[in-house]
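Good morning, and thank you for coming.

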Amino acid sequence: MKRSPQEIQLSSRRISRRAVLLGSVQMGIVGVLGYRMRQLQIEESQTFRMLADENRINERLIPPTRGLIYDRKGRAAAINIPNYRLTMTRDQAGDVENVLDSLQKLIWIEPEQLIKTRDELRRRSPFVPVVVAENLTWEDFSKVAANAPVLPGITTEVGFNRRYPMGKNLAHVVGYVGPVSDFDLKRIAETDPDPDPLLHIPRYQIGKTGTEEKLEDMLRGTAGIQRSEVNAIGRVMRELDRTESVSGADIQLTIDTKLQNYVLARMNDVSASAVVMDTTSGDLLAVASTPAFDANLFVDGISSKDYNALRDNKFGPLRAKAVQGTYPPASTYKMITALAALEAGLITPGERVKCEGHIEVHFNKFHCWNRGGHGRVALQQALMQSCDVYFYELAQRLDNDQLVSMAKRFGLGVRHNVPLSAVQRGIAPDNDWKQKTKGERWLLGDTINASIGQGFVLTSPLQLAVMSARLATGKVINPRLVHSVDTVVQPSGVTGDLDINPEHLSLIQNAMYGVTNRRSGTAYSKRVIWDKYKMAGKTGTAQVVRIRDQQNRRNENRPWEQRDHALFVGYAPFDDPKYAVSVVVEHGGGGGSVAAPIARDIALFAQMNQVPPLGVYPKKERKTVGIEQSKIWGLLDQFDATETVDEV
Amino acid sequence: MSYLEHRLSVIPTGFGKILALNWAILLLLCAIAGVGFVMLYSVAGGNASTWTNPQIQRFIMGMFGLFVVAMIPIYFWRNVSFIAYVVAIILLIIVEFFGVQGMGAQRWIDLGFMRLQPSEVMKIALVMLLAAYYDWLPLHRTSRPLWVLVPVILILLPVMLVLRQPDLGTSVLLMAGGGAIMFFAGVHWAYFVSVIAAGAGLIFGIFNSRGTTWQLLKDYQYARIDTFLDPSSDPLGAGYHISQAKIALGSGGWTGRGFMEGTQSRLNFLPEKHTDFIFTILAEEFGFVGTMSLLVLYFLLMTFCIVAALGMRDRFSSLVTLGIAMTFFLFFAINMAMVMGLAPVVGVPLPLVSYGGSSMLILLLGFGVLQSAYVHQPRSKV
């Protein structure tokens, strides 16, 4: 419409005024925008760049290869076998069912596995590979690989599974691995504030028992890291960099599997344990417990049927009794009592003590195993015949602390440092111990019981073997289970001298020789007749229930759980000790009749590296041994002749 | 116009019109669109055919339209502005019933060769109609309540229709743009003060209506408001867009990560990166230098428009110029504030840079009207 010039003036003045006003407001807003940009892009840039990197960079752990375990002759004890498996990535597969159908035409897949796979494919992101089949044969695996073009989204992978080629032989020593449990994580978090991220990989396997558990840190290795760039939905776009994983250390054990296998076979039908130790180095050549189990069962998860069978077996196949079992050492402890008294000068070798079958101390009767009594016996006779009364006499002269300190010098009541699960300390009881656990004062009667290895004293077969090795050499010998780590040989177990008067020591040694070689010895019938292989030792029969609870029944008439433990410790050859042996047969009966022959056979096998010929046995024994040996043959594994070359 | 003035000034005709165009504004338009082409090329991962080529085609088409519109005398546009408004209203009603659903809103009419968003048309049509209204209205009636009510109704009618789609961003744009023209035209202060007060009341009402039977906004709009107020409350859900956009912006730093090197965009962490969030790509790849350059380009364009408007004597011309400049300003200011986390995510594209057919086309036609006003103003003989 037409306006007057005044109106036009007015209009454009007003518009101009307000345009300038709003223009300034706009300028202010632009200023705010610019300021905000500066704030985000300059001041907080570092934070946001970090966030951007967090967005795009995905770190994936590359699990290291677990270290291998060998025995002393280089025989494989724990290995990694390739696990040929197939994974499927939904994103690449397109029609999942179609691909699975084509796959099933090629290879057989367990229906349960298929259900699991379908379920997981549905749940997981389309870019995450899901396992379709595991533990394929090489044949099936290559079939799939060759047909890869018609199987979109299927990837062939090689993983590793732990295998124990020695099966039952080393199950108690090497142990086994299994998937990390919540319990494991909690336990590890208690000691290590920054646990290995590998543990959070689903189904990652760590050592659960034995050396697999105790040497986990060495065996595991170090994880590698693959850093890759991922997009918003998690698809990997490219690999940025990669740190390779470092394999775990290979461990060589001191165990000789061939000997271990023989020991297990020899004790096949009883619940027993035995330890063979090299007295020159402390090497544990055999640490055997029967019955044993196959560690391979545990690797992929054991069925509850198998597990219950193992758990409910009264012989306790899952327990490594050689280190976990503790038993009253009984008469095998008498060398300790004797040495304690000798070293303290409380008795001379020639002093005789009269045994009438029992003694009375403070109106308590203490019996000798031989109710008829041994008559007047000196030290060596007392040991050979295992006269209890003689040691009761020593106990009354000794202070219990002297007994305990001697026991500890010989490795009893001490937890030995071997990488096995639940290694027991045993009990070398003193006043403090009794006050703490029983709330009672130590009494003379306790010392009397302890002097013959009964009462509160408890020892493991490993400790008895250590004692035996120390008695044989007079040296401080510690058990050694790991020979080398990644070919680096570990220090010898022999660390020094025991500082026992050599005369006293040889007195004891001769008495031990007498046990197995003199007519009056408790294991005379179990002697070896070839001089080269002669053995020294000591029998022991540990009461499990008090004599008055035995109701005067003979051992074999009592229920199994109430029968005596049969023990034997010894070493061979006597002239130049090389092997220390300890044997404990749970509820086996008499040490001389049950444990001694086993120890003898084990020592002979260790020396000869073969089943001993009947010629080494006394004529009377050969028939029994022959029957025994015929039972063993079927149980022995075949080991290569080339592997029997000693020294590693 | 006085006789004297008429003698001294002349309206360019023929070829002279082309010379009389405001070339600075045209150049700035090309520069801004150029930034858009480069960014679209980058977003598509170095592929021109995905978005860049169609965008260039539309820009050329739009520029052609701009020239045609600019050559037509400004009084023609004033005279057709009411018709344009009515057509836009009809289109909005059509879209209400026959529109294509997209992103949870009814916004498009599919014309075959392009998708037309009637709300875009309305942005320009409303500006033109209001300018024409105040050109027609005697000055002394400008602030009379009855005569203030008319433009308010003219504004609220399309706002209601757009809100029903629902498209919060465009409704805000329409209201603010319309209000700005009323302000330029000289409506009394008191009205604006009371409207702002009422607006505050409305916001209060919106928040109070939540969860009741008379809920004013859709749930997803509430969610957007929530996450705007506290984006960290839901970083992987509704706040995802804002958090990721801020990460992209911030990680650019001074000079950015380099052309086509933005990880946030290349790896798809950014939402709607070729449309509403394209500014974040620019920020990530060219950094502070890049974003400031674009901001300066926008600011210059706005300033040139205002300066051009100041020189115009014709009321319709200057109001339509300021209105278009204001609409343009609101576009980029809301978009930038949105991606920088200063405003809720309301779905406003970055003008001339974001990929989108009708938005750019209509905007360029709007600038055509602006150019027409510039060209057809009397100027002194040289």
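This is a predicted model: local features need pLDDT of at least 70, side-chain atom pairs count only at pLDDT 80 or more; totals for chains, interfaces and linings use all residues.

Residues are numbered from 1 along each chain as its sequence is written, while chains are lettered from A and ligands numbered from 1 in the order in which they are written.

Chain A, then. Its secondary structure amounts to 24 helices and 23 strands; helices (H or I, at least four residues) and strands (E, at least two) are DSSP runs, numbered from the N terminus. Chain A has 648 residues, and 42% of them count as buried. Buried here means that 20 or more other C-beta atoms lie within 10 Å of the residue's own; a residue with 12 or fewer is exposed, one in between is partly exposed, and the C-beta atoms are placed from the backbone. If we take the contacts in chain A between residues at least 6 apart in sequence, 73% join residues at least 24 apart. Two residues are in contact if their C-beta atoms, placed from the backbone, lie within 7 Å.

Strand β8 (residues 224–230) of chain A is joined to β9(A) by six bridges in the antiparallel sense. Which residue stands opposite A:E229 in β9(A)? That residue is A:R238.

Let us turn to the backbone of chain A. The peptide bond from A:T290 to A:P291 is cis, with omega near -10°, and A:P291 lies in the loop between β12 (284–289) and α12 (296–299) of chain A. Another cis peptide bond runs from A:A572 to A:P573, with omega near -15°; A:P573 belongs to the loop between β22 (565–572) and β23 (579–585) of chain A.

A:F363 is not a glycine, yet has a positive phi of about 65°. Its place is the loop between β14 (358–361) and β15 (364–367) of chain A. Why does A:F363 count as exposed? It does so because it has 5 C-beta neighbours inside 10 Å. A:D499, also not a glycine, has a positive phi of about 60° and is found in the loop between β20 (494–497) and α22 (502–517) of chain A. A:D499 counts as exposed because it has 9 C-beta neighbours inside 10 Å.

Next, the two chains together. Their contact takes 42 residues from chain B and 39 residues from chain A. On the side of chain B that touches chain A, the largest share, 11 residues, comes from α13(B).

Finally, B:I11 lies in the loop between β1 (9–10) and α2 (15–20) of chain B. B:I11 is partly exposed, because 14 other C-beta atoms lie within 10 Å. Leaving aside neighbours within four places in sequence, B:I11 is in contact with B:H376 and B:P378. B:I11 and B:H376 are 365 residues apart in sequence, but 5.7 Å apart in space, C-alpha to C-alpha.

Methods
Two strands pair if DSSP finds at least two bridges between them.
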